[in-house]
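Here is a short note for a colleague opening this model for the first time. Please read it with the structure in view.

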Amino acid sequence: MLETLAKELAAHPSILGKLDIAASTKALGLSASTIGRPGDDAAAIKRPEGGWELLAGEGFMPQFVNDDPWFAGWCGVMVNLSDIAAMGGRATALLNAVWAPDVATAEPLLKGLKDAAVAYGIPIVGGHTNLRSAELNLSVSVLGHAEHLISSFTAKAGDVLVAAIDHRGRYRPRFDNWCAALDAPHSRLRGDYELLPQLAESGLARSGKDISQGGIAGTALMLAECSRCGFDIDLEAIPRPDGVEIGRWLRTFPSFGFLLSVDPAKATSVCAAFAARDISAVAIGHATNHAQINFKHEGSKATFWNYGISPYLSLSKDASHA
């Protein structure tokens with residue numbers, strides 16, 4: 001059963017979609033050593049006076065945008081803010097690019113963008129609009145800043161892998177998107193994202209990623225490959241919302257979800273910081289010296305992915321932010 005789960009996840013479109021990243025970075029001549037360090041959740045540009053400027057962007061699947069345009073607009077804001085928070089940063093402003101056949105078709109998408117910007121307290125400062133396109137589509141970019149970084153390149157063997165996910169939500173129809181944001185008070189949404197820079201600045205968190213379209217499984221794989229380590233993940237340790245089966249949860253894209261690879265001596269404090277805001281945060285595994293993501297359950301172990309044999313992002317740990 002465990003082997004079957006690992007194989008099914010490794011073949012799922014949510015996981016395989018991330019393979020496209022390697023094709024783009026190769027064509028552009030980018031690697032982990034180039035400016036901004038591709039592989040992190042946002043490009044980090046060091047400031048002469050100290051700290052970092054952060055820049056990130058998201059493009060969306062046309063099927064998702066057309067099926068649920070208001071929510072796609074909301075996600076345009078939410079996922080970009082998550083990328084900045086995952087780096088230990090605070091967002092400054094957003095830009096959007098919208099394509100639509102006409103004004104009426106664009107309206108729910110634009111309303112979703114506006115509603116989320118108000119909820120999260122982030123300004124939309126401009127962008128690009130085309131209302132003569134064949135179909136509805138969206139991309140959004142974000143600018144932010146950080147004093148101390150949480151990076152995808154600094155996990156190391158012996159670390160504890162912490163999953164912090166807001167379970168107070170539900171799935172949107174047809175997709176593996178778990179949304180815990182729509183009914184939340186605006187002050188709570190803003191305060192939750194503030195947790196990540198606070199953890200970075202207090203020295204409790206130095207490595208991690210936001211849980212993206214690949215879910216816990218794909219995000220752990222990206223974090224491991226960037227840091228040149230592995231993770232053994234204990235499926236019994238992963239809490240789930242009622243009624244959600246483990247295979248779906250491992251590939252779920254949560255509205256608020258982060259994997260942090262932390263010093264074992266700091267794991268309890270990290271989990272407590274999230275718990276204080278009623279966010280589930282537990283140790284679900286540990287980092288290893290192997291190039292594998294392994295699942296463990298009831299004494300059995302199965303390999304989900306070995307990036308030493310089959311590279312995922314094809315980015316290497318050959319540079320440092322220092």
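1. Basis. The model is predicted: local features need pLDDT of at least 70, side-chain atom pairs count only at pLDDT 80 or more, and totals for chains, interfaces and linings use all residues. Numbering starts from 1 along each chain as its sequence is written, and side-chain values use heavy atoms, without hydrogens and water.

2. Largest pocket. Its volume is about 1,400 Å³. A pocket is an open set of points on a 1 Å grid over the protein atoms alone, where a 1.4 Å probe fits, with protein on both sides within 12 Å along at least five of seven lines. Lining residues have an atom within 4 Å of a point. There are 49 of them here, and K18, I21, E58, S212 and Q213 lie nearest the centre.

3. Second largest pocket. This one holds about 220 Å³. Its lining has 13 residues, with R90, A91, Y120, R190 and Y193 nearest the centre. Helix α7 gives the most, 4 residues.

4. Helix α1. Within residues 2-10, L2, L5, A6, L9 and A10 are buried (under 20% relative accessible area, 1.4 Å probe, protein chains only). They share one side of α1 because they cover an arc of only 125 degrees around the axis. On the other side, K7 and E8 are exposed (over 50%). The buried residues pack against α2, α8, α9, β14 and β15, with contact meaning heavy atoms within 4.5 Å.

Notes
Points joined across faces, edges and corners; volume = space filled by probe spheres on them. Helix = DSSP H or I, 4+ residues; strand = E, 2+ residues; numbered from the N terminus. Arc of directions from axis to C-beta.
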